[in-house]
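Here's a quick walk through a two-chain model. Have the viewer open and follow along.

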Amino acid sequence: MTAPESGDGWQRLHPLTPLLRAVQLLYAIIAGVIASQSGVGATVIVIFIFTVAIAAWITVAYLRFRYRITDDSLIIKHGVLFRRRRVIPRSRIQNVDLRAGLVQQLFKVTTARIETAGGQATEATLHVVSRDEGVRLRARLVGLAHDTPRPTAAAALLGDAHAALAEPGRATPAAGSTVHHVSPLQLVIAGATSNRAGFLVGLLFGGDYLFDFMPTDRILARFIPPQYLESGQAVEGLVQTAQSDMQAFLTGLFVLGIIFGVAGWAVSILASVVRYFDFTLRQHGNELQVGYGLFTRREKGFRRSRIQNVQIEEPILRRWLKLASLRVQTAGYGPGLKADERMETLSPIIRAGELNDYLHAVYPEFEWNSVDWRPSHPRARRRLFIRRAFIVIAATAVLAVLTTPDAYILPIALVPAWFLAHAHYRHLGHARAGSYVLVREGLWNRRTYIVPIRKIQALQLRQTPFQRRLGLGTLNIETAGNPIEWHAPRSIDLGTGYGVEMMEQLATEVTGTGLTF
Amino acid sequence: MNPLDPRVTIVWRLSGLILALPATAIAGLVEAVVLAPEGIRLFAPGVIAGLVALCTLGFAILWPGLRYRFWRWGVEDDRVLIEKGVLWRSRSLIPRVRIQHVDTRTSPLQRSLRLASLVIYTAGTRGADVEIPGLAADDAERLREELARLEETDDRA
């Protein structure tokens, strides 16, 4: 089914739009409930009036909404009381996202969102168009046909030639080919190795302790003496047991750990499978397309030249299994969007060994395997330890004040803190590779950012009072589209002099790239 | 690297004082309405509000001097540099080719002292828009023109 077309190429939304908007008729019921206090007659009249008004509004809104694509822009005119006409130049469009919920998938329609750089929220939303029309929109607005950034095309050719030289046997992705498809089994692994599983286990322990919403005490009653479970509360019973019967405590802890562990992992796996179901990445020349999701199907397309930076995420389990996930920042998503939606997933899970091939799809001239990482300043270890030691000492002090005799055992935690600080230090680093700068950080979830120097907007070296004492500083690399500080490229704990020098050097190179974005 | 116009400390002090007044008033109100009936007080009635007043006033008078001492800015051929921060130091660098546009901005307080703020915008998202708060109004205008001029020449190239 195609949208009815009127003269001059103006198009309407899909005819199902009013039907899908009909959920808004529920407002009439709400109004009716409010009116029900003043009698049955009033309720009927209010519901009738609201239903008619809302239905009329939905219909008129549908009839008034027209859009058309010209050679260089998307034009939308809409509005019931206030008419608006909006022109979005094609060159300003960062990405076109298609998102279809369960009902929309059933009717083969989708919501198209057009994102431009800047602005709080989505620039324009076409709710709803047929799926074919959505794909056509995306192809015409971000597709290769009208895309003319010659340098990138040349770079792509060079990159492919280079890749072919480096590895003659490897097939380089042809235009329109599927670069990557993720099987459900891989998604299970992705969910199992995500830090979310650990987080959920913690949440379950805490939730059981505070709200006691699970029948865990009944299961636990088989393993620890019942008198400790008088409260009917598993975690508290366990704490009671710890003070008298160590063996029963350990058994109980083990059982409870298994229960919560399995539950946490199951939820995490389920979440990952539902979200990234049937994940596919395609490449059409300079355009990258991803599609994923079971209940809500997302299909997104963006130009390679619009990618601001790439983020490689390696939670601790994935690091051990030599796995990673890959995301890109495209500056199209404003701060009005949820943190989850602000970066585009390029792969929920890949083998670390495939990273190089994969990054070629984004940065053809970038060689991941030849990156030479440099560590942060050695004094960073001291700061990372002091930070953890401070927490241990503060906790000890609090316990001592509360006259818990065990408080003096707590400083033993300084030993693992020292090891953690050293482990953390090993994951801090930065590197230069051609016209890219790389930074990484994070112990439990290591994030590596690859930033093309031409995308750097500003640089900032910051020092907390502690860092200043140790002569250290954190170099923030600002690009478009990373609104949260700890989810953005930065190199922690460089020596101050070295950091300043690196900043000056990068600035000179940024100037050398001229006015590109 | 240049310091700010020294008169900016007057602006900072005055705006600090303007904030100190309501803070003291709120502390006084809380003390009289919430704490006093509960019998909570330090030594004598009014001491808590007095302490709040002393701290906010002291902060408003002393802090701007320190802040001024650590504020430095500079415009070079290809970059804008800013150093600031008393406890949390930061050193920002904006390549001039990345400047999107430049504004000058004046509050009534600044206007009465013939001061202006210069705001530099880039396409970056976080700390990438920077403000140089206390410049003589003429300097700010001149600087704005100068920074805009480079944008134009690069556009033609």
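What follows covers confidence, the sheet and helices of chain A, and then the domains of chain B.

Keep in mind that this is a predicted model. Chain A has a mean pLDDT of 82, with 86% of its residues at 70 or more.

| Stretch of chain A | pLDDT | Contacts beyond four places in sequence |
|---|---|---|
| residues 1-6 | under 50 | 12 contacts |
| residues 145-175 | under 50 | 28 contacts |

Chain A has an open sheet of seven strands, and if you trace across it you get the order E6-E5-E4-E10-E9-E8-E7, with antiparallel pairing. At the edges sit strand E6 (124-130) and strand E7 (177-182) of chain A, each pairing on one side only. On average, neighbouring strands of this sheet are turned by 15° against each other, ignoring direction.

Zoom in on one pair of chain A: strand E8 (residues 279-284) and strand E9 (residues 287-292) run antiparallel and are joined by five bridges. His284(A) has Glu287(A), in E9(A), as its bridge partner.

Next, look at what lies across the strands. Helix H5 (residues 131-142) of chain A lies across E4 (93-100), E5 (109-116), E6, E9 and E10 (297-303) of chain A. Relative to E4(A), this helix runs at about 170°.

How far does helix H11 of chain A reach from its first C-alpha to its last? H11 (residues 246-276) of chain A spans 44 Å with its 31 residues, close to the 45 Å expected at 1.5 Å a residue. Its buried residues include Phe249(A), Gly252(A), Leu256(A), Phe260(A) and Gly264(A). Also buried in H11(A) are Trp265(A), Ser268(A), Ile269(A), Ser272(A), Arg275(A) and Tyr276(A). An α-helix has 3.6 residues a turn, so residues three or four places apart point the same way. H11(A) is followed by Asp278(A), which has a positive phi, near 55°.

Over to chain B. Its domain assignment gives domain 1 (8-69) and domain 2 (72-156). The centres of domain 1 and domain 2 of chain B, taken over C-alpha atoms, are separated by 33 Å. Seven residues of domain 1 of chain B are in contact with seven residues of domain 2 of chain B. On the side of domain 1 of chain B that touches domain 2, helix H1 (8-38) and helix H2 (47-69) of chain B each supply at least two residues. H1(B) gives the most to that side, with five residues.

Terms used: Residues are numbered from 1 along each chain as its sequence is written. Chains are lettered from A and ligands numbered from 1 in the order in which they are written. This is a predicted model: local features need pLDDT of at least 70, side-chain atom pairs count only at pLDDT 80 or more; totals for chains, interfaces and linings use all residues. Two strands pair if DSSP finds at least two bridges between them. Helices (H or I, at least four residues) and strands (E, at least two) are DSSP runs, numbered from the N terminus. Axes are lines fitted to C-alpha atoms, for helices over the stretch in contact, and angles run from 0 to 180 degrees between N-to-C directions. Two residues are in contact if their C-beta atoms, placed from the backbone, lie within 7 Å. The expected span of a helix is 1.5 Å times one less than its number of residues. A residue is buried if 20 or more other C-beta atoms lie within 10 Å of its own, exposed if 12 or fewer, and partly exposed in between; C-beta atoms are placed from the backbone. pLDDT is the predictor's confidence in each residue, from 0 to 100. Domain bounds come from an automatic or database domain assignment.
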